[in-house]
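Here's a quick briefing on the fold below, grouped by topic. Have the viewer open while you read.

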Amino acid sequence: MKKSLPCIISAVIFSLTCVLGNAMADSNTVLLIHSNNQDGSNIFTDSSASNNSISPNGNVVHSTAQFKFGGSSIYFDGDKDYLSIPDSEDWNFISSDGTIDFWVNIQKAKLAGLLTQNNNDKNWAVYAYEDGRVAAGIIGVNKMESPPGVLVAGVWHHIAFVKSGNVTTIYVDGINVVSGTTGVWNSSSNPLRVGGFNYGGSDNYLEGYMDEIRVSKGVARWTSNFTPPTGPVESDMFVKSDMDDDGVIDEWDVCPDTPVNSPVDNRGCAIDCFSQDDIDAAVEAAIKPLQQEIGTLGEDSDGDGVIDSKDSCPDTPLGSIITQDGCPVVDTNPPTGAVKVSKPYIWQQYNQDVKVTISGYVRDELSCLIDGAGTGVSSAYISISGKINELALDGSGRFSIDIKFKAEKEMIYNIELFAADTKSASLGGPNKGLVDSVQIRVQKPEKYVDSDKTKGQKDEKCVDSHKTKDQKDKKSKKDTKNDRKVR
């Protein structure tokens, strides 16, 4: 693959500015609602090619108080606030694959519709419960729902409802929380509602915020656990081609054959570490035009592209990543990365060992560039509720370990990923610290005891108590009879 060095050149002239490409809206995107609007505005736009009409009801507005991306999100006050969109075959998933995904920050935990075509009748809805469950179903007919506690009030969660074939899966923050073949979709002529529904005369409206609301027809965007989107879905009304699916459209893509799932820079090239020769060549290429432009303005003793009269660090070693004032960039942050677990909830009986796979990656781009090899990470470890587990990283900084957890009553295991970048003179030594964290929760089996079985156990106890009473009565009569004989 052709290598690209925009990160190095940018760092030499200004600072390190590599970014990951955002996802693009494609031909399967049939509804896309960003917020990205001024505080208090009630104008809503469909940024997909479908250009659906969106009508606000109640007091639903854009708000800058909370947002996931773009500076604002959509606020629903819980009092019959919702967005209404005319009916379309785009909302009919009966005979096709489809995906509904969005970000939500619930402010008050209660039964609330999220997206639905239900209007006090038996039609499909995706919704949340007051105990943190999330569900999809045809109201009053069929439903599938997650365990309680997967949604936490006051926290941004990414939720995806994915239909692939005849299987529907609900993902929360990229984790499969429930999956099955239950029929939870139907065809309705009702408008699509965002933010609530009415059923049985009761209003069930969201009190909270939503952002990046997307409906996709004809595609199951995820079929296994995934990392939630790290940026907004970029709108492209003309849906330009992105052959390697790296988030950078082909006409801008310097590296059009990037491997799938590779992190890329803003030119579509895989972020990679470079040899010292690559770095020196990039530095020279960046400095040469600057030197020509400077001409007779002044001497540049250390050859870093900043003339001595403007250079705060005139002895900078050749090849250093520098700031505008000619000084080496000093990294004050630990590496970046992510950690995830294969089982965020443990349902087994108490005191059983349950194997959980913990995986993720760590990386430090600035250390990587200066060292010229590796991942820029010198060490990494997982802390499991205070217990340290050293990690062996592969060449790309990824790791995967299997740990056995005891399913102890109401236990919460805190999984924390720590890492340190490499030692480098121009960085001033390693930075280390917390990179990411996740939890594993043990749920109480008693919550799922069959109600009929429990009732039966109570009936047996009731029968036993009557038997005991009858036995006591018989014994009392016998004792009285014997007492009479004695007299």
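Strands β20 (residues 353-363) and β23 pair in the antiparallel sense over nine bridges; strands are DSSP E runs of at least two residues, helices are H or I runs of at least four, and both are numbered from the N terminus. Pairing here means that DSSP finds at least two bridges between the two strands. Keep in mind that this is a predicted model, where local features need pLDDT of at least 70, side-chain atom pairs count only at pLDDT 80 or more, and totals for chains, interfaces and linings use all residues. Residues are numbered from 1 along each chain as its sequence is written, and side-chain values use heavy atoms, with hydrogens and water left out.

**Strands and sheets**

- Buried means under 20% relative accessible area, exposed means over 50%, and partly exposed is in between (1.4 Å probe, protein chains only).
- Five strands form an open sheet with mixed pairing, in the order β19-β25-β24-β21-β22.
- β19 (345-346) and β22 (387-390) stand at the edges with a single partner strand each, so one side of each has no neighbour in the sheet.
- Inside that order, β21 (residues 377-384) and β24 (residues 412-421) pair in the antiparallel sense over seven bridges, and Ser-379 has Ala-420 in β24 as its bridge partner.

**Nonpolar cores**

- The largest nonpolar core has 42 residues, with Phe-102 and Phe-161 making the most contacts inside it; such a core is a set of buried Ala, Val, Leu, Ile, Met, Phe, Trp, Tyr and Cys residues joined through side-chain atoms within 4.5 Å.
- Strand β6 (residues 98-106) gives this core its largest share, four residues.
- Another core of 24 residues lies apart from it, and includes Val-356, Val-362, Ile-401 and Phe-405.
- Beyond four places in sequence, the contacts (heavy atoms within 4.5 Å) of Phe-102 include Leu-114, Phe-161, Met-210 and Glu-212.

**Residues to look up**

- Glu-212 sits in strand β17 (residues 207-217) and has a positive phi of about 50 degrees although it is not a glycine.
- Glu-212 counts as buried, at 4% relative accessibility.
- Lys-80, in the loop between β4 (73-77) and β5 (82-85), also has a positive phi, near 60 degrees, but it is partly exposed at 45% relative accessible area.
- Ser-188 is in the loop between β13 (175-180) and β14 (192-194) and is buried at 9% relative accessibility.
- The Ser-188 side chain reaches the backbone nitrogen of Asn-190 at 3.0 Å, and beyond four places in sequence Ser-188 is in contact with Asp-87, Gln-117 and Asn-123.

**Whole protein and confidence**

- The protein has four helices and 25 strands, and buried residues make up 46% of its 487 residues.
- Mean pLDDT (the predictor's confidence in each residue, from 0 to 100) is 78, and 74% of residues reach 70 or more.
- Residues 1-22 stay under 50 in pLDDT, and the model has 59 contacts beyond four places in sequence for them.
- Residues 235-239 also stay under 50, with 12 contacts beyond four places in sequence.

Notes: Polar contact = N/O pair within 3.5 Å; in protein donor to acceptor, adjacent residues only side chain to side chain.
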